[in-house]
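Before reading on, please take a moment with the sequence and the model shown here. The questions that follow move from the whole chain to single residues.

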Amino acid sequence: MVEKIFVALDLPTNKIVETGRSFLEDLEGEYGNEIKKKFGVKINDYALRKDFSKYRLFKDMGYEIFGDLKIFHGCNTGYKSIEEVTSELPLDYITVSASLMEKNLRGYVEKGKEDGIKVIGFTIHTKIPEDEAKTLYGKTVSQVIYELGKISEESGCDAITTDVKALEESEGLRNLKIKKLVPGVRINPSDKDYQARISPMEKVKKLKDYIHYVVMSKRYLNDRDAIERFIDLII
């Protein structure tokens with residue numbers, strides 16, 4: 001069941017605070033303060049390289065922060081990057097590449113617990129199409145997500161990234177106890193933009209019993225109808 005919607009603030013860094021605050025204030029005005037429990041903000045890695053303390057505003061407003069860092073370094077090296085951010089900006093969630101395997105993932109999970117950070121295992125990017133995944137991994141996208149999801153679960157991660165096609169195709173993936181995060185959600189299935197694989201809203205809705213977190217694209221920040229459709233997932 002969908003627990004939280006992360007609003008993707010994938011914007012120029014000088015627009016993130018202004019745009020995010022305006023959206024969240026309007027959201028609260030429409031749905032009340034209780035909506036804060038159901039929403040968070042997603043901030044990409046490029047925005048967390050410098051001058052990131054300004055994003056504390058979202059924490060002060062009562063929203064959790066998902067730092068989409070997509071870390072690919074071993075824990076001893078990679079966690080230092082996280083600490084540089086959290087010294088000025090508390091993070092609630094981070095993404096770490098699930099391909100780092102169990103030992104490194106466990107390291108991130110253990111260190112994250114000390115700092116109140118939940119680790120999301122990043123499986124396979126939505127920009128990678130099915131045919132290229134087979135060339136790269138020798139397996140289908142669904143198989144890759146399932147296998148990396150299982151490793152993430154055994155490592156103690158809070159969640160993994162997936163898409164609805166993989167959830168449709170893989171009973172094993174659906175049955176993993178680890179939470180599932182779905183990015184790349186689109187109201188119009190033909191609206192792929194730069195993504196190779198998207199998750200149509202109608203399919204997300206049908207599979208929402210297996211989905212715990214979704215990411216709402218910046219394209220919907222000013223689309224009232226789209227916002228209502230996302231909120232319908234958590235009601």
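Q: In this predicted model, what percentage of the contacts between residues at least 6 apart in sequence join residues at least 24 apart?
A: A contact here means heavy atoms within 4.5 Å, and the pairs considered are those between residues at least 6 apart in the sequence of the protein chain. Among these contacts, the share that joins residues at least 24 apart is 73%.

Q: How many helices and strands does the protein chain have, and what is its radius of gyration?
A: The secondary structure of the protein chain comes to ten helices and ten strands. For 235 residues the globule rule gives 18 Å, and the value for this chain is close to that, so the chain is as compact as a globular protein of that length. Its C-alpha trace spans about 45 × 40 × 30 Å along the principal axes. The radius of gyration itself is 17 Å.

Q: Which residue of β10 is the bridge partner of Phe6?
A: Strand β1, residues 4-8, runs parallel to β2, and in that strand Phe6 stands opposite Gly40, while Val7 has Val41 as its bridge partner. Strand β1 also pairs with β10 in the parallel sense. There, the bridge partner of Phe6 is Val215.

Q: Is strand β1 largely enclosed by the rest of the structure or open, and how many of its five residues are buried?
A: A residue counts as buried when its relative accessible area is under 20%. Lys4, Phe6 and Ala8 point one way from β1, whereas Ile5 and Val7 point the other way, and all are buried. Strand β1 is therefore largely enclosed by the rest of the structure, the number of its buried residues being five of the five.

Q: How far apart are the end C-alpha atoms of helix α6?
A: Helix α6 covers residues 141-155, and at 1.5 Å a residue its 15 residues should span 21 Å. The distance in the model agrees with this expectation, since the end C-alpha atoms are apart by 21 Å.

Q: Which elements do the buried residues of α6 pack against?
A: The buried residues of this helix are Val141, Ser142, Val144, Ile145, Leu148, Gly149, Ile151, Ser152 and Ser155. Just after α6, Gly156 takes a positive phi of about 90 degrees. The elements that the buried residues of α6 pack against are α4 (101-115), β5 (118-122), α5 (130-137), β6 (159-161), α7 (164-169) and α8 (171-175).

Q: Is Asp51 buried or exposed, and what is its relative accessible area?
A: Asp51 lies in the loop between β2 and α2 (56-60), and its phi is near 50 degrees, a positive value in a residue other than glycine. Exposed means a relative accessible area over 50%. Asp51 is therefore exposed, with a value of 52%.

Technical notes. Residues numbered from 1 in each chain as written. Predicted model: local features only at pLDDT ≥ 70, side-chain atom pairs only at ≥ 80, totals over all residues. Heavy atoms only, no water. Helix = DSSP H or I, 4+ residues; strand = E, 2+ residues; numbered from the N terminus. Expected span 1.5 Å × (residues − 1). Buried < 20%, exposed > 50% of the residue type's maximum accessible area, 1.4 Å probe, protein only. Pairing = 2+ DSSP bridges. Rg over C-alpha atoms; globule rule 2.2 N^0.38 Å.
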